[in-house]
Amino acid sequence: MDTTGTFWMPPSHSTIAGDVDGLFYFILYTSVIIFALVVGLSAYFAFKYRRRGEAVKTDGLDHNVKLEIFWTVIPTILVMIVFVWGFKTYMKINVVPKDAYEIKVTGQKWFWSFDYPEGGNSINEIVVPVDKPIKLLMDSKDVIHSFFVPDFRVKMDVLPNRYSITWFEATSVGEFNLFCTEFCGKGHS
Amino acid sequence: MNKIPDTHYLNCKKGIKSWLTTVDHKRIGILYLFSIMFFFFVGGMFAVLLRLELLTPNELYISSDTYNQFFTLHGAIMIFLFIIPAIPAILGNFVLPIMIGAKDVAFPRLNLASWYIYIVGALFAVFSLVSGGVDTGWTFYTPYSTTTTTSVISITLGAFILGFSSIFTGLNFIVTVHKLRSPGMTWFKMPLFVWGMYATALIQVLATPVLGITLALLIMERLIGIGIFDPAMGGDPVLFQHFFWFYSHPAVYIMILPGMAIISEMITAHSHKKIFGYKAIAYSSLGIAFASFIVWGHHMFTSGQSELAAMIFSFLTFFVAIPSGIKVFNWVATLYKGSIAFTTPMLYTLAFLFLFSIGGLTGIFLGALSVDIHLHDTYFIVAHFHYVMVGGTVIAFLGGLHHWWPKMWGRMYNETLAKISCGLIFVGFNMTFFTQFIMGANGMPRRYHLYDEMYRPFHAFSTYGSMVMAVGFFLMAYYLIRSLYNGKPAGNNPWGALTYEWAVSSPPPEHNFDDIPITDHGPYDYDKVVAKSTLTEN
């Protein structure tokens, strides 16, 4: 588990963060290879076949079935890997463990309030035990907000007149940023 | 020596009235050029002001309310008044009829009407700008948009009206392509630009009414409180998101397909090389147009939609990626064994391949469900869609503008300045937006006026990039306007290209052709025909 963060990703402090980052880097490295091929070949062709002097007839090459099948099938396989991988982790993010500790979250312009099962509450700061799944039962008093903790890789919209649910399990002790990510007006932060 | 012909479409009739009542597709293209570029300038100024404010984490010179209005107006103006109409209404209007050997579009008066409707829609948008602004974001999400006190009604009414302008253009192109192709020009002998415009037109006609209905419901919600979207009246705010993206996702392809269409023309004309995979490119345009209708839910992975819906939308999303990828591979293969000239349009084409590849590949991150949960509504998204919309569509549009500029006006711009400007825009763009991928992945949410100190270096670098870009754009405005007065005459065919528009004079005569043109070679038969560039005669 990477608790210091990398160039691309913030530190990871939840049980699912490792899975999310793994897929992120898989896509990143695959993309870098494809990008290097596209741009490298374009630059190479542009240089090698640059125009020298008068206009001439050029090669009539306009298709190559084997090559076209290759560049259709390989990306299809790659995106299917990404799809299945992404979906599996997504289900982990969405299925709340049975023994989760339930906190009621209310979003409004412009603060969060948290109600704990023992009866306490807090404003703009959620205090949770480490190594225990936390279930968030969320609701909004006015417009749509969104609950986002980058270090936990967790995000869920908070809607008026409807409950939305998400969960996370922190793996280390510390203070982490909580952001609202659905635009809600002047105090959106 | 090349000479400008004595009479052409620009001087055959004189006076303001002849322009305001014109039914000539070329003149309507020019009317659109000036009006759309005006709004591109306005939207661009908002962008520069926003980036300037974001130089520091705290308030620099505008309040949060003003900031929220600025990003809303930047988005709404750029989307509805610039990027949706830009390519079809300016370049499509100007070259599509000539490319297929027609004297005009099928419904010239409807074409002029679409411009007037555009102006009326634009006036509504301007009204909301001067009457206190709008602060909802260009997406107008409910219930924020139904409860804010700003002028939401006039801007949504503006977008509603602009929709009709878009539908009229689309309808016109569909009928024109079906009915007015010259003898011998079968579907698979059409230039790929026409294929791209045709696929775009299908989306414009089929998807835009949904936006109209959605915005009409939003307006009624605000005016008479019908309670479709407002949860306080038992409505469903997420329903608005479904309706909105049912149009706005296909609309992404209304924006990018025309850009792709231009690339196919430029990459062949400036490499004198037959296009690789003609049918694959033509069919992939239709494939993208179709698939664009069934992926809207990928904008809503965190909205609380069911896991099953999210899974299906994620799966389908990856099938839009495949035809886009195929197009890019075909363009790269087209360069192989070509005769590549480093003209300004070719530089834009290479810039497109670079930037659009990044835009497309970062879309894969967002299509993957678990990764999207983390990246949704952060600067990663902002960077992704700017790479697709600016790096893709706008770069292609600017390339196309430089490609057909000598045809429009009969004169060449200063190529050295054009290449410098292209370079500044390319470098400035990457500085501005690549940094946004990094800070987005690190958790910086979008639409924040004040932000955490840790993101400061990224924001500052991004702002410097936007200044470089702005310089590039001002330079472009300078040499393009200057070329109208003292640019060198370009001759009929400055690029030595084979499509029809290069066979007529520059600027073209009023009715395009004296005789019906007959196709004796394909649009990309550079292996059979050599067309000499008329620029060398200068």
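This is a predicted model: local features need pLDDT of at least 70, side-chain atom pairs count only at pLDDT 80 or more; totals for chains, interfaces and linings use all residues.
**Entry: salt bridges**

I then looked up the total, and the count over all chains is eleven salt bridges. I picked D236(B) and R162(A), whose side chains meet at 3.2 Å, N to O. D236(B) lies in the loop between helix 7 (192-224) and helix 8 (237-269) of chain B, and R162(A) is in the loop between strand 6 (154-158) and strand 7 (164-168) of chain A, so this pair joins two chains. I checked accessibility for each partner. D236(B) comes out at 27% and counts as partly exposed. R162(A) is at 32% and also counts as partly exposed.

Next I went to E510(B) and K13(B), which form a salt bridge of 2.7 Å, N to O. The partners come from distant parts of the chain, 497 residues apart. I found E510(B) in the segment after helix 15 (456-486) of chain B, and K13(B) in the segment before helix 1 (16-20) of chain B. E510(B) has 24% relative accessibility, so I noted it as partly exposed. K13(B), at 45%, goes down as partly exposed too.

I also noted a network: D62(A), K274(B), D525(B) and K528(B) are joined by salt bridges that share partners.

**Entry: aromatic pairs**

How many aromatic pairs does the structure hold over all chains? I get 67. One of them is W8(A) with F434(B), an edge-to-face pair at 6.1 Å centre to centre with 80 degrees between the planes. This pair crosses between chains: W8(A) sits in the segment before helix 1 (17-48) of chain A, and F434(B) belongs to helix 14 (residues 415-441) of chain B. Why do I list W8(A) as buried? Its relative accessible area is 13%, and the cut-off for buried is under 20%. F434(B) has 34%, so I put it down as partly exposed.

Y387(B) is in helix 13 (residues 379-409) of chain B and F437(B) in helix 14 of chain B, 50 residues apart, so to speak a link between distant parts of the chain.

**Entry: charges over rings**

I found the charged end of R50(A) over the ring of F47(A), 4.4 Å from the ring centre. K155(A) lies over the face of F148(A), and there the distance to the ring centre is 3.9 Å.

**Entry: nonpolar core**

Which residues touch the most other members of the largest nonpolar core? I wrote down F24(A), F147(A), F80(B) and W331(B), out of 234 residues in that core. Helix 3 (residues 64-99) of chain B gives the most, with 23 residues. Domain 1 (17-94) and domain 2 (101-180) of chain A both contribute, so the core lies between them.

Last, I listed contacts of F24(A), leaving out residues up to four places away in sequence. F24(A) touches W8(A) and M9(A), and on chain B its contacts include F365(B), V371(B), L375(B) and F380(B).

Conventions: Residues are numbered from 1 along each chain as its sequence is written. Chains are lettered from A and ligands numbered from 1 in the order in which they are written. Side-chain values use heavy atoms; hydrogens and water are left out. Rings of Phe, Tyr and Trp (its six-membered ring) pair if their centres lie within 6.5 Å; planes under 30 degrees apart count as stacked, over 60 as edge-to-face and the rest as tilted. Helices (H or I, at least four residues) and strands (E, at least two) are DSSP runs, numbered from the N terminus. Buried means under 20% relative accessible area, exposed over 50%, partly exposed in between (1.4 Å probe, protein chains only). A charge sits over a ring if NZ of Lys or CZ of Arg is within 6 Å of the ring centre and within 35 degrees of the ring normal. A salt bridge is a side-chain nitrogen of Lys or Arg within 4 Å of a carboxyl oxygen of Asp or Glu. A nonpolar core is a set of buried Ala, Val, Leu, Ile, Met, Phe, Trp, Tyr and Cys residues joined through side-chain atoms within 4.5 Å. Domain bounds come from an automatic or database domain assignment. Contact means heavy atoms within 4.5 Å.
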